[in-house]
Amino acid sequence: MSLLCVLSLNMEAQGKKMLVTYFSWSNNTKALAEEIQRQTGADIYRIEPQEAYTTNYNTLAYSIANAEKEANARPALKDTLRTMNDYDIVFVGCPVWWYDAPMIVHSFLECKDYDFKGKTIVPFCTFFTATYQTLNDIVAATPDSEHLDGLGVRGAGSHSEAT
């Protein structure tokens with residue numbers, strides 16, 4: 001889905017309340033989320049872990065993120081969005097970590113405080129090499145939702161230190 005499709009979605013979504021949710025480590029996904037918000041007028045919410053991730057890429061990628069994936073971990077969320085039920089269309093974005101969505105995104109999508117049933121989910125991700133399974137992870141985690149085609153964007157600095 002191109003950003004022009006996002007604009008088209010905005011036209012079709014008149015009267016529907018939209019939310020852009022995202023997790024970002026290196027700010028590539030944050031930039032994409034903010035662009036989607038700018039083009040759609042949606043509200044925005046940053047998914048954050050209770051314990052902040054290190055800013056060192058090697059430690060994050062080869063120790064923390066890999067260990068979380070191998071353990072199928074669900075890191076604790078810093079907070080939860082109390083108004084999730086107010087939204088009809090939810091964009092869910094993240095970087096690609098170890099070929100998949102980061103485990104903190106799974107924590108968000110599986111949060112007992114959220115009901116995605118009947119909502120339209122639009123997955124998006126930033127990546128260094130490819131989208132791999134990431135967009136499908138978001139779809140699979142929200143089986144009772146409708147889904148629009150996802151958007152994957154190469155992030156030039158997705159392997160650099162967090163800022």
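The following legends describe several close-up views of one predicted model.

The model is predicted, so local features are given only at pLDDT of at least 70 and side-chain atom pairs only at pLDDT 80 or more, while totals for chains, interfaces and linings use all residues. Residues are numbered from 1 along each chain as its sequence is written, and side-chain values use heavy atoms, with hydrogens and water left out.

**Figure 1. Cysteines without a disulfide.** A disulfide is a covalent bond between the sulfur atoms of two cysteines. Here the term is applied to a pair of cysteine sulfur atoms within 2.5 Å, and a search of the whole structure finds zero. For Cys 125, the closest cysteine sulfur belongs to Cys 94 and is 6.2 Å away, which is too far for a bond. Cys 125 is buried, with a relative accessible area of 0%; buried means under 20% relative accessible area, exposed means over 50%, and partly exposed lies in between (1.4 Å probe, protein chains only). Cys 111 also counts as buried, at 12% relative accessibility.

**Figure 2. The salt bridge between Arg 38 and Glu 35****.** A salt bridge is a side-chain nitrogen of Lys or Arg within 4 Å of a carboxyl oxygen of Asp or Glu, and by this rule the count comes to eight. In this pair the N to O distance is 2.7 Å. The two residues are three apart in helix H2, and therefore separated by about one helical turn; helices (H or I, at least four residues) and strands (E, at least two) are DSSP runs, numbered from the N terminus. Arg 38 is exposed at 59%, whereas Glu 35 is partly exposed at 24%.

Figure 3. Lys 78 and Glu 48 meet through their side chains in a salt bridge of 4.0 Å, N to O. Arg 82 forms a salt bridge with Asp 113, their closest N and O atoms being 3.5 Å apart. Salt bridges that share partners join Arg 82, Lys 112 and Asp 113 into one network.

Figure 4. Asp 137 is buried yet has no salt bridge, and Lys 69, the nearest side chain of opposite charge, is 7.3 Å away. In assigning charge, Lys and Arg count as positive and Asp and Glu as negative, while His and the chain ends are not counted. Apart from neighbours within four places in sequence, Asp 137 is in contact (heavy atoms within 4.5 Å) with Asp 100, Ala 101 and His 106.

Figure 5. On a 1 Å grid over the protein atoms alone, a cavity is a set of points where a 1.4 Å probe fits but cannot get out, and a pocket is an open set with protein on both sides within 12 Å along at least five of seven lines; lining residues have an atom within 4 Å of a point. Grid points are joined across faces, edges and corners, and a volume is the space filled by probe spheres set on the points. The structure holds one cavity of 30 Å³ or more, and the largest cavity has a volume of about 50 Å³. The largest pocket has a volume of about 490 Å³ and is lined by 24 residues.
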